[in-house]
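Please read the following briefing alongside the sequence and coordinates, which are shown first. The notes after them are grouped by topic.

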Amino acid sequence: MAATYTLRAKHRRSRLRTLAFLSPWLIGFTVFFAYPMISTVYFSFMHYDGFKPPTWVGTKNWKYVFESYPFFWPALRNTLWLVVIMVTLRVLFGLGIGMLITKIKTGTGVFRTLFYLPYLAPPVAATMAFAFLLNPGTGPVNSMLESIGIPAPGWFNDPSWSKPALTLMFLWGVGDLMVIFMAALLDVPKEQYEAAQLDGASAWQRFRFVTLPNISPIIMFAVVTGVIAAMQCYTQPLVAGKVASGVIQGAGTSFQPGYPEYSTLTLPQLVYNLGFQRFDYGSACVVALVLFALSMAFTALLMRRRGGLIQAGD
Amino acid sequence: MAQVLERPVELKTPVSPSPAERTARRKAFLEWIAVHSLGVAAALFFTLPFVFVFLTSLMSDSQALSRDLIPHTWEWSNYRKVFDTPGFLTWWKNTLIYAGLGTVLVVVSSVPVAYALAKFRFRGRNLTLMLVISMMMLPPQVVVIPMYLFWAKQLDLSGTLWPMIIPLAFGDAFSIFLLRQFLMTIPNEYLDAAKVDGCGDLRTLLKVILPMAKPGIAAIALFQFFNAWNDYFGPQIYASENPGAWTLSYGLESFKGAHHTDWNLTMAATVLVLAPVLLVFFFAQKAFVEGVTLTGVKG
């Protein structure tokens, strides 16, 4: 009797202890995630402009976003462009830079720091810098391109070049990927390379049959986290569009995001546009839920039970 | 077979290198040249933007509109002009409050949660961890509408920094995850030893875990500081109506609006937003790189 009693008391104490330690997050999760998440679903079926009380409109907001809101499909297309093309290029470039840094023997620390620094640049500062560097008229990049006889693109002012310009900026900030690829590459067992070399494997074969299999989990990690980041892409395209279009009212304006011709419009920008510029909170919540569904799908990929990239472990 | 000899063989006795060795050495030398030229090319790609931004920040008004790359006269007074711009000092103050207070709150609230997730065994632990990771992956736009209505309409706190700071007192998913990854690497034997010595949970956390977790805590503090420094969306939602509550990242964009054609002043302001980040990095490189690696490695 006594033994069971103390055991039960011990269990209760340990449960209380766990709850106490987790409490900051449990409160945060409830107040700043669970409650707003439910509200987002609720508002997606309401008409609400922030002033008059919300009224039930059924699926009207959903129909509006998918069928008549002119920006939804372009924004989804742009987001997918970034997800497919930008993420692919960024992972390949990050891997290339990671491999290069493991091969550099002289001044490694200096090179590594120089390659890593752009990753730290605050997004607004980096975007302002690139809007200046790539501005078609007086930007240094186009000056240099023209001086060697290459026709200079319009970058952030040309709808067919604005996404490549964004991509270029994200390639510049590839330092985080360089670091994780470098760590992964240095972890590949040396013996495997030596064995491959004894078997007469060429450099490409060593990369294909030794390096790639060893680092493939990290490549997957880079792809999935890259996809999630691409879907969240907000500040850079918005600021680039504002600066390139030359809006002079400054922050908090009626600027229609996506300049030029919706080419830099992404899904997160729609939430802002619908909610805080058009005061159509209901439709904004619909877009928010689309964003949520997409993010969760990719997060699930990241955490799949077997072979998941982030494991709970013991 | 020649491939076997690719690495120069070290011989104790002075023998003149065989032809095979000589080709191997020449190959190694050529590879060194190739790798380092590529390295220099990459270094130019990564650093030239900083260089051009800095050079432009020192140009005169008229020269900033030309195609020149190097300033004719070095206008250090541009930086003075930026500081004299109304609001600029307020943005600094606000950013430091947001980043400083937010960092303290995140560390204090995230440490116990990360500790429990790393070292306690309880039912629902994996589920909790999965929810933490899901929150980390969530775009802030997903819940922003109800959150805005909550802060602005119910608590009347829009136009202040509080809607951005207060949530940080309840743990931050990314910090919890990163710190949990770090705490997983601390062997359980330390905890058992503390228990044997009669330490309670709180004492163990404060006296045993905290001293060992310093690098992990440094990493989350740095990331949180930079998140606040870099945040654009938060101030745009909650502070845009009140320029007195703007932060540097948010104000910088409006700075360009107000100084429409002045690329030199805009680039000087950009340097002033960039510089503190780079400066902090030079003092805390290790914590940064460790943090980035930790988030990319299996736990």
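Side-chain values use heavy atoms, with hydrogens and water left out, while residues are numbered from 1 along each chain as its sequence is written, and chains are lettered from A and ligands numbered from 1 in the order in which they are written.

**Confidence**

- The predictor gives the complex an ipTM of 0.90 and a pTM of 0.90.
- Among the elements of chain B, the lowest mean pLDDT, 82, belongs to helix α15 (residues 285-296), and the highest, 96, to helix α7 (residues 162-165); helices here are DSSP runs (H or I, at least four residues), as are strands (E, at least two), numbered from the N terminus.
- Residues 1-5 of chain B have pLDDT below 50, and beyond near neighbours in sequence this stretch has three contacts in the model, a contact being heavy atoms within 4.5 Å.
- Where pLDDT is low, the predicted coordinates should not be read in detail.

- A:Cys233 is buried, at a relative accessible area of 4%.
- A:Thr266 lies in the loop between α11 (235-245) and α12 (267-277) of chain A, and counts as buried because its relative accessibility is 2%.
- Although A:Thr266 and A:Cys233 are 33 residues apart in sequence, they are 6.9 Å apart in space, C-alpha to C-alpha.
- Leaving aside residues up to four places away in sequence, A:Thr266 touches A:Ala75, A:Thr79, A:Leu82, A:Cys233, A:Tyr234 and A:Pro237.

**A:Arg206**

- A:Arg206 lies in helix α10 (residues 203-231) of chain A and, at 17% relative accessibility, counts as buried.
- Beyond residues up to four places away in sequence, the residues that A:Arg206 touches include A:Tyr193, A:Gln197 and A:Thr211.

**Cavities and pockets**

- A search of the whole structure finds six cavities of 30 Å³ or more; on a 1 Å grid over the protein atoms alone, a cavity is a set of points where a 1.4 Å probe fits but cannot get out, a pocket is an open set with protein on both sides within 12 Å along at least five of seven lines, and lining residues have an atom within 4 Å of a point.
- The second largest cavity has a volume of about 70 Å³, and of its 13 lining residues the closest to its centre are A:Phe132, A:Pro140, B:Thr56, B:Met59 and B:Asp68.
- The second largest pocket holds about 670 Å³ of space, where a volume is the space filled by probe spheres set on grid points joined across faces, edges and corners.
- Of the 22 residues that line the second largest pocket, the closest to its centre are A:Arg17, B:Lys119, B:Phe120, B:Lys195 and B:Asp201.
- Helix α1 of chain A gives the most to the lining of the second largest pocket, with six residues.

Terms used: This is a predicted model: local features need pLDDT of at least 70, side-chain atom pairs count only at pLDDT 80 or more; totals for chains, interfaces and linings use all residues. pLDDT is the predictor's confidence in each residue, from 0 to 100. Buried means under 20% relative accessible area, exposed over 50%, partly exposed in between (1.4 Å probe, protein chains only).
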